[in-house]
Amino acid sequence: MQTDIAFLQLKQEYIHITAWRIAFFTHVFSSLLILFAGFTQFSKALLRNNPKLHRVLGYIYVTDILLVTGPAGFLMSFYANGGVSSRIGFVLLSVLWITTTALAWYYAVKKKFKLHRIYMIRSFALTLSAISLRIWKVILAYCTHIPPMDRYRIIAWLGWVLNLIIAEYIIHRLYKNRYAKQQLHS
């Protein structure tokens, strides 16, 4: 397998570290499953028509994040480009991702579905950082003259913090409107 292409060109000082290399490839390949499973979890039709499939895909999503991809991302965080600020950003991302996912699962098991949904929205917003980070990387590369390592420091935070802000806005709108409707019918 080639280890000096694309993103790995920036990781030549770490590629020889077995734990980092395993974490990297595990994180990259298992994230594809998480993205697929995560997108399905917000389908009302799937939940209504096939709740068992919803649960199975949710279990795959949670298990993968808690036991495979989350820990791999956490380990990789300590080797992030851009120095301490990037490392802190990615460590926080990993911790919040694992935590929100664990809470989403906990509330599903406890049948507290409102809290389950709230934490799934947060978890999936953090999952989507895999995509938003790359989008911001392209936008900043083509629209600014910020040096590459400075861009990386920015996207280490922007790639997930903005997603979490959007998630909080969605949660607020979703439940503010439901609360207002409940007050009208009380």
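How far apart are Asp150 and Arg153 in helix α7, in residues and in helical turns?

**Before you click**

You're looking at a predicted model, where local features need pLDDT of at least 70 and side-chain atom pairs count only at pLDDT 80 or more, while totals for chains, interfaces and linings use all residues. Residues are numbered from 1 along each chain as its sequence is written, and side-chain values use heavy atoms, with hydrogens and water left out.

**Stop 1: the whole chain**

Show the cartoon. You'll find 7 helices and 0 strands, in the order α-α-α-α-α-α-α along the sequence. Helices (H or I, at least four residues) and strands (E, at least two) are DSSP runs, numbered from the N terminus. Of the 186 residues, 38% count as buried; buried means under 20% relative accessible area, exposed over 50%, and partly exposed in between (1.4 Å probe, protein chains only).

The chain exposes about 11200 Å², with carbon and sulfur atoms supplying 69% of it. Areas like this come from the Shrake-Rupley method with a 1.4 Å probe, and for residues only the protein chains shown count as cover.

**Stop 2: the core**

Select Tyr61, Phe90, Trp97 and Leu126: these have the most contacts inside the largest nonpolar core, which has 28 residues. Such a core is a set of buried Ala, Val, Leu, Ile, Met, Phe, Trp, Tyr and Cys residues joined through side-chain atoms within 4.5 Å. At least two of its residues come from each of α1 (18–40), α3 (51–77), α4 (83–109), α5 (113–127), α6 (129–143) and α7 (148–184). The largest share, 8 residues, belongs to α7.

Now zoom in on Phe90. Leaving aside neighbours within four places in sequence, Phe90 is in contact (heavy atoms within 4.5 Å) with Ser77, Ala80, Leu133, Tyr152 and Ala156.

**Stop 3: Ser132**

Pick Ser132 in helix α6. Ser132 is buried, with a relative accessible area of 10%. Its side chain reaches the backbone oxygen of Gly159 at 2.5 Å. Beyond its neighbours within four places in sequence, Ser132 is in contact with Gly159 and Asn163.

**Stop 4: the salt bridges**

The whole structure has 2 salt bridges, each a side-chain nitrogen of Lys or Arg within 4 Å of a carboxyl oxygen of Asp or Glu.

Start with Arg122 and Glu168, where the closest N and O atoms are 2.5 Å apart. This pair links distant parts of the chain, as Arg122 sits in helix α5 and Glu168 in helix α7, 46 residues apart. Arg122 counts as buried at 17% relative accessibility, whereas Glu168 is partly exposed at 32%.

Then select Asp150 and Arg153, whose side chains meet at 2.6 Å, N to O. Here's the opening question settled: they are 3 residues apart in helix α7, so about one helical turn separates them. Asp150 is partly exposed at 35% relative accessibility, and Arg153 is partly exposed at 30%.

**Last stop: a surface patch**

Finish with Leu162, Ile165, Ile166, Tyr169 and Ile170, which make a nonpolar surface patch of about 460 Å². Patches are made of residues with over 30% relative accessible area and no salt bridge; like charges are joined within 9 Å, and nonpolar side chains (Val, Leu, Ile, Met, Phe, Trp, Tyr) within 5 Å. Leu162 itself lies in helix α7 and is partly exposed, with a relative accessible area of 30%.

Definitions and conventions:
A polar contact is a pair of N or O atoms within 3.5 Å; within protein, one must be able to donate a hydrogen and the other to accept it, and residues adjacent in sequence count only if both atoms are side-chain atoms.
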